Amino acid sequence: MSELSTTTHTNSSDVSGYVTRINRLGAVVDAFFSRVYIALNRRARLRHEQRARLELYRQNLAMQHQLTQREKELERLHGIVATIKDGIVMLDLDGNIKDINQAARHILGAQLENSTVELSSLVGQYQEQDRVS
């Protein structure tokens, strides 16, 4: 019976050692998969950020192209306005002068020294001069 007792004691210590090893292996596997999960999430986030940056880059290129086209069109229109013999005055929504060609400067004269003059006041002055004349 002492042999049985020794064998049982040896078997239980062997089992205990196996259980300890299995628990360590489980902890290692858990740590490994935790790291894999973190790495995969990081990779997915980086891919998402990369796609977002690429989309912003494409939008930026499109906006730069539009800006270049509008600048060319504006330059062309300024050239047209500058060569027109008639007076042209451009106003903002509040009626303030924003741009004026050379012919309009000549017609309206020194009254345009202050570029924030409202056109209605200039028109009113010329209407009064026409009535007097």
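1. A polar contact here is a pair of N or O atoms within 3.5 Å; within protein, one must be able to donate a hydrogen and the other to accept it, and residues adjacent in sequence count only if both atoms are side-chain atoms. Asn-101 gives an example: its side chain reaches the backbone oxygen of Val-81 at 3.3 Å.

2. Basis of the note. This is a predicted model, where local features need pLDDT of at least 70, side-chain atom pairs count only at pLDDT 80 or more, and totals for chains, interfaces and linings use all residues. Residues are numbered from 1 along each chain as its sequence is written, and side-chain values use heavy atoms, with hydrogens and water left out.

3. Confidence. pLDDT is the predictor's confidence in each residue, from 0 to 100. The protein chain averages 81, and 74% of the residues score at least 70. Helix H1 has the highest confidence, at 89. Helix H3 (residues 119-132) has the lowest, at a mean of 56. Helices (H or I, at least four residues) and strands (E, at least two) are DSSP runs, numbered from the N terminus.

4. Strands E1 (residues 89-91) and E2 (residues 97-100) pair in the antiparallel sense over 3 bridges. Pairing requires that DSSP finds at least two bridges between the strands. Met-90 stands opposite Asp-99 in E2. Between E1 and E2 lie 5 residues, and Gly-95 in the turn has a positive phi of about 90°.

5. Asn-101. This residue sits in the loop between E2 and helix H2 (102-108). At 4% relative accessibility, Asn-101 is buried (under 20% relative accessible area; exposed is over 50%, partly exposed in between; 1.4 Å probe, protein chains only). Leaving out residues up to four places away in sequence, Asn-101 touches Val-81, Ile-84, Asp-86, Gly-87 and Ile-88. Contact means heavy atoms within 4.5 Å.

6. Salt bridges. The criterion is a side-chain nitrogen of Lys or Arg within 4 Å of a carboxyl oxygen of Asp or Glu. By this rule there are 2 salt bridges. Side chains of opposite charge can pair when their charged atoms come close.

7. Glu-73 and Arg-76. Their side chains form a salt bridge at 2.7 Å, N to O. Both residues lie in helix H1 (residues 2-83), 3 residues apart, about one turn of the helix. Glu-73 is partly exposed at 34%. Arg-76 is also partly exposed, at 44%.

8. Lys-98 and Asp-92. This salt bridge has an N to O distance of 4.0 Å. Lys-98 is exposed, at 60% relative accessibility. Asp-92 is partly exposed, at 22%.
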